[in-house]
Structures are given as C-alpha cells and as structure tokens.
Amino acid sequence: MRLNGSEIIIKLLEQQGIKNVSGIPGGSNLPLYDALYKSSINHILCRHEQGGAFIAQGMTRSTGKVAVCFATSGPGATNLLTAIADAKLDSIPIICITGQVDYPFIGTDAFQEVDTYGLTIPITKHNFIVRSAKELFTIIPEAFIVAKTGRQGPVVIDVPKDVQQEVLEFESWPDVSFDVLTENNLDILMVKCAAKEINKSKRPILYIGGGVLSAEASKEIKELSNKNNIPVVTTLMGMGCFSCDEPLYLSMLGMHGARYTNILLHEADLLLAFGVRFDDRATGNIKKFCPKAKIIHADIDEAEINKLKGTDYSITGDIKAVLKELIPFVEDNKRKAWLKLVEETKVKHPLVLPEACDLLHPINIIRYVSDQVPPDSIITTDVGQHQMWTAQVYPFKSPRNLLTSAGLGTMGFGLPAAIGAALENPDKQVICFTGDGSILMNIQELATLADLNLNVKIIILNNKHLGLVRQQQELFYGGHYIASKFITNPDFAAISRGFHVAAYDLAKEVDLLKALKRALAQPGPVLIDVPIRETENVYPMVKPGAPITEMIGGELYDQ
Amino acid sequence: MTNSEYYVIELLVNNHAGVMSHINGLFARRAFNLEGILCGKIGDGSRSKMYLLVDNDDFLVQIVKQLSKLYDVLEVKVHDDFDISVFNDFEALLKIKEN
C-alpha cells in the first residue's frame with residue numbers, strides 16, 4: 001500500500017467506527033480534508049471550531065462513544081480550547097485532530113502557528129504531536145484508548161502538514177488491537193467493609209454523579225438503592241442515572257438543590273459517594289457537608305479519593321464493577337424510620353413550584369415542554385438560570401437524557417451539543433433550553449443546524465439579562481447591577497429566520513401554549529423565543545462558600 | 001540520609017520533548033510546590049529519569065496520584081532517604097567541567 005499520513009488517519013478513524021466528524025478546514029489541515037474527500041465519513045462543517053468540538057461532545061455525551069473533530073492550526077486550534085477544557089472537566093472522551101505547520105517550521109512563528117501541544121496540556125487527558133507518519137499507526141488507536149479507558153477525557157492530536165503529506169509504503173495495516181486493561185483490581189476487603197457500613201447504617205444516602213454515567217451503571221444503582229432502600233441524590237452530571245420516577249429519588253443536591261435534598265444530606269449517617277468528585281457547587285462549604293455521615297467514596301480515578309473530603313472507606317474502580325461486587329453483600333432493609341423522615345422532609349421542605357396559571361414562568365414552560373415531547377427526548381442546556389430550572393424540574397428518566405456543561409459551565413454549549421446529539425440520534429427529539437445570553441455565544445451554529453435540518457427545538461428563556469449574574473448581584477452584591485442587563489435585545493426569531501431556521505416569538509402570540517405546542521410539533525429545527533420575567537430568580541440558592549443547609553428562598557410558607 | 005523537610009519523587013518517563021512540560025504544568029496548575037528537578041536520559045535514550053524535590057506536606061499523596069495518571073509517566077517512587085546536597089550545590093556541576 002502507498003498512502004500518505006492523512007489517508008492513514010482517515011482510514012484509522014474508519015476502523016474505529018467513526019461515522020461523523022465535525023470541523024473546519026484551513027491551510028494546515030487541507031491534506032486531511034483531501035483524504036476525507038475519498039472517505040465514507042460524513043463531515044459536518046460547523047461555523048466556529050468551538051461549535052465543532054461541542055458538536056463532537058454532543059455526539060459523545062448522547063451515545064457514550066468517542067467522537068472526533070478537526071481544526072486547522074493557529075486560530076482553528078485556539079478556538080477549540082474552551083470546548084476541550086469543558087470536556088476535561090466533565091470527563092467526556094472526544095478526540096480533536098488539529099493541523100499544524102510543517103514540522104521544520106515549528107517554533108519559527110510561521111503563519112497560523114500556535115503551540116497547540118503546549119496550550120492543550122492542562123486541558124486534555126493527554127495530547128500528542130505527531131512527528132512522522134509512521135507514528136500515526138500507534139497514536140491514533142492509542143488516542144481512542146486513552147480517551148475511553150479509566151477516567152475518560154479529551155485527547156488532542158496535533159499533526160504537522162508535512163506529516164499529513166508524508167507518503168508511506170507498507171504491506172498491511174499493523175495490528176492495533178491493544179490489550180485494553182480491563183483487569184478488575186477491586187479491593188474486595190474494602191467492598192465488604194463498605195457493605196458492612198451500609199448494613200449497619202440508619203440513614204444512608206447515595207450521592208451519584210458522572211462516574212455512574214460513564215460506567216453505564218444506572219441499573220446497578222437502582223438495584224442497590226431498591227435492595228437496601230437507600231435514597232439517591234444526583235449531581236448535575238448524574239441526572240437521569242436514577243429515574244425521577246423512583247420513589248427513592250431525592251433530586252439534585254447543592255447550590256440550587258431542593259430544600260429537602262440538602263436538609264436530608266445533613267441528616268445522613270452514611271454517604272455513598274459513587275462516581276462523584278465533591279464539586280463545590282454540589283457540596284457548598286465542604287467542611288460542613290454531611291457532618292454526621294461516614295463517607296464511602298468509590299471512583300475510577302484514585303486521585304479523587306481524599307482530594308477534597310476525607311473518606312472513611314474508599315474503593316478505586318469502575319462504578320459498575322464496584323456495585324456488582326458490593327450488592328451481594330448488602331442486606332435487604334426496609335428502613336421504615338429513615339424513609340418516613342425522608343417523606344416528612346419532602347412534604348415540609350418541597351421544591352416550591354410556581355402557580356400553574358403563571359404560564360410564562362420558566363419552570364412552567366420547561367414542564368409544559370416535557371409534557372409535549374417523548375420521554376426519551378434528549379435535553380441540552382446552556383449555562384445559567386435556565387440550566388438550573390431545567391435540572392430542578394425536567395423529569396429525567398434515563399442516562400444521557402440531559403447533556404449539560406456541568407464542570408466548566410460553558411455558555412454556548414447548548415446549541416452545538418444539540419446538533420451533535422441529533423446527528424447521532426435521528427429518531428429522537430432534541431430540545432435545547434437556553435438563555436438570551438448563552439445562545440449568542442454560539443449562535444453561528446444555527447447555520448450548521450439549517451444545513452443539516454435536524455430535529456432540534458431551541459427554546460430561549462429570554463429575560464433580557466445575564467440572569468444568574470443579575471440574581472447574584474441582587475442577593476450578594478447589594479443590588480449593584482452592573483453589566484448584567486443587555487442594553488439592546490436582538491430579535492432572535494428574525495435572526496433565526498435569517499439563518500433559514502423556522503422561529504416563533506411567543507411575545508407576539510396570543511395563545512402562548514398553543515403556539516409553543518405547534519412549534520414543538522413542527523418537524524425539523526425550530527427556535528422559540530419565550531419572554532420570561534426579567535427578575536425571576538432560581539430558588540433555593542446557597543451562597544457560594546456557605547454550607548448547603550443555608551439556603552436562600554424557596555420556602556414553603558403556607559404549610 | 002533521611003530527610004524530614006523534603007521528599008524526592010523519582011519518575012521513570014518516556015523521553016520526548018513534551019514530557020517536561022507535562023510534569024511542570026501539573027505542578028503549576030495544581031498549585032504544588034516544586035523545589036528542584038534533576039533530569040536525564042537513561043539506557044537507549046527512549047526513557048528518562050526525573051528526580052523532583054518536593055516539600056514534605058499534605059499535598060504529597062495527591063501529587064503522587066496526579067503524577068501516576070500522566071500518560072508518559074511509567075513509574076513513580078517516593079524517597080525520604082537521599083542526599084539533598086545534589087540540589088543545593090549547582091556550582092559543583094560546573095566546577096567538574098572546569099577541572
């Protein structure tokens with residue numbers, strides 16, 4: 001065989017089962033695109049590389065499979081950075097293949113040269129720079145393994161243009177069947193100790209997160225929870241890993257968690273922290289988090305154990321493997337007293353919902369949408385108030401129902417992630433809840449959406465503000481509103497139509513719900529601009545740095 | 001000699017241009033202190049040894065865990081028995097050359 005580096009890359013991606021690649025061509029990756037010309041891989045031309053990497057994230061987050069995006073050198077690579085950092089913080093396995101100037105020109109400040117390798121060290125799980133075409137045979141398959149094994153994460157492969165063009169003669173494709181380390185080195189003694197603690201505990205709570213999602217262990221979480229009657233709180237990443245229909249579901253904890261959730265955590269005598277990393281948005285003041293509880297922490301990443309919170313028992317390993325070992329040692333338990341307290345607390349300190357007649361309350365909009373779309377719909381969000389309202393009330397029943405930028409909190413995530421999800425899930429409805437601040441951060445991807453005519457419904461909860469900033473200024477900065485109210489407000493429906501995406505402006509509709517229903521039922525992409533009250537806040541709210549039991553707002557007054 | 005103020009972390013790493021950045025970057029972004037580095041290739045040059053002088057503080061366990069996760073780090077060992085004078089007397093390095 002006689003192939004050049006680019007052809008080898010594309011062939012190796014095909015061998016990995018890659019069907020869609022997002023990206024933008026440019027000077028330094030044109031050979032790669034030339035090889036793509038002859039390939040069966042479908043290319044999605046995004047309009048900004050950050051959008052391209054978030055499209056890849058949408059593919060990965062909705063399927064669990066590694067997705068790939070391309071960018072050229074220099075600005076192409078720097079535009080990727082936010083989305084790569086986002087993938088790092090949420091442990092999302094994407095691979096970004098960047099063009100680079102010819103290897104001999106590296107370090108000469110050549111046109112569109114930037115140190116992609118150096119820039120991506122702190123925000124990738126690992127990164128490679130390819131120095132010869134021969135190295136591609138190991139680096140490309142290795143990148144998939146690195147992205148997907150252990151704690152998952154993004155990988156960057158920087159390929160100089162001359163390496164893309166270097167021609168190699170070879171007899172056959174080298175055997176790339178790496179021995180993926182699936183050995184199960186669980187500390188069984190620790191597992192037994194954990195089971196013993198569970199069995200003797202009086203008020204246990206399961207605290208689950210993205211690790212359960214990555215390990216695809218939601219079935220096992222349900223089994224453990226049901227067997228021993230352990231209530232379950234989830235992080236933002238863990239939403240859907242335990243269905244909201246389950247009686248033991250205690251919803252999301254933390255800064256915008258329901259009052260009962262945070263109060264019950266305070267009462268727990270045993271915290272089963274599975275696939276979580278004690279993020280400050282979840283735990284509040286970590287010293288005062290679950291003060292009465294012993295802690296059992298299970299995570300695939302040993303570095304998470306004792307990183308922020310000392311544990312009594314720790315198990316390093318894949319959550320599914322841990323649960324499979326653990327469950328047989330856990331006794332059946334009715335836990336009548338604890339579940340009675342749970343129910344009482346839920347009644348006494350519920351998540352207070354707006355009146356049903358308040359049609360344009362964002363919570364009512366979100367709930368109305370959830371009633372209109374199939375239960376297996378994929379929801380993406382941007383970042384801000386709309387994200388928290390969605391997490392609080394949208395009924396997530398299965399893993400990968402919610403795609404959201406949890407760790408990095410990146411505004412601009414929602415639309416491209418929805419495009420990626422819709423590409424990989426053509427049979428599903430995809431909804432993007434966003435805000436008037438967030439949507440503008442990647443609005444150019446409406447053009448990509450129009451190209452692909454995907455079944456994505458974008459719902460802008462429009463309060464003409466950076467709402468969560470405004471809320472913090474109101475609550476914690478003495479009402480000093482600065483830089484949180486937009487001076488002008490774009491006509492999002494007109495913008496959308498300009499991109500050839502159908503749009504509704506609910507401010508101009510007489511029968512709001514009827515218009516919303518019609519928009520949601522319409523095939524293909526639709527943008528719906530929903531005017532909401534400018535001063536609506538997300539409650540309850542825990543002040544950053546305060547214990548999660550100190551919640552502001554969201555009290556049930558008329559009990 | 002046993003040292004109580006510092007530890008030496010001995011690393012076996014792949015020898016290529018980016019490894020040093022990965023190690024240094026880890027210390028910088030995780031706000032760990034790094035007091036000294038000795039580094040050189042070993043064997044056929046495909047691998048290097050690195051000796052990191054670090055404070056004996058609460059971060060040590062986390063540093064070792066984070067280093068172990070790096071792709072190019074093949075082995076991590078922690079020593080409290082070492083001769084710290086190597087890190088303190090860089091003048092000697094050049095004097096050897098002069099002689």
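Reader: Where is Pro540(A) found?

Author: Pro540(A) sits in the loop between β20 (526-531) and β21 (541-542) of chain A; strands here are DSSP runs of E of at least two residues, helices are runs of H or I of at least four, and both are numbered from the N terminus. This is a predicted model, where local features need pLDDT of at least 70, side-chain atom pairs count only at pLDDT 80 or more, and totals for chains, interfaces and linings use all residues. Residues are numbered from 1 along each chain as its sequence is written, with chains lettered from A and ligands numbered from 1 in the order in which they are written.

Reader: What joins Tyr539(A) and Pro540(A)?

Author: A cis peptide bond, with omega about -5 degrees. Most peptide bonds are trans.

Reader: Which loop holds Cys290(A)?

Author: The one between α12 (280-283) and β13 (294-299) of chain A. Cys290(A) is not a glycine, yet its phi is positive, near 50 degrees.

Reader: Buried or exposed, Cys290(A)?

Author: Buried, with 23 other C-beta atoms within 10 Å. The cut-offs are 20 or more for buried, 12 or fewer for exposed and partly exposed in between, with C-beta atoms placed from the backbone.

Reader: Switching to the contact: how many residues from chain A and chain B?

Author: Ten from chain B and ten from chain A, where contact means C-beta atoms, placed from the backbone, within 7 Å.

Reader: Which elements of chain B give two or more residues to the side that touches chain A?

Author: α1 (19-29) and α2 (60-69) of chain B.

Notes
Contact = placed C-beta atoms within 7 Å.
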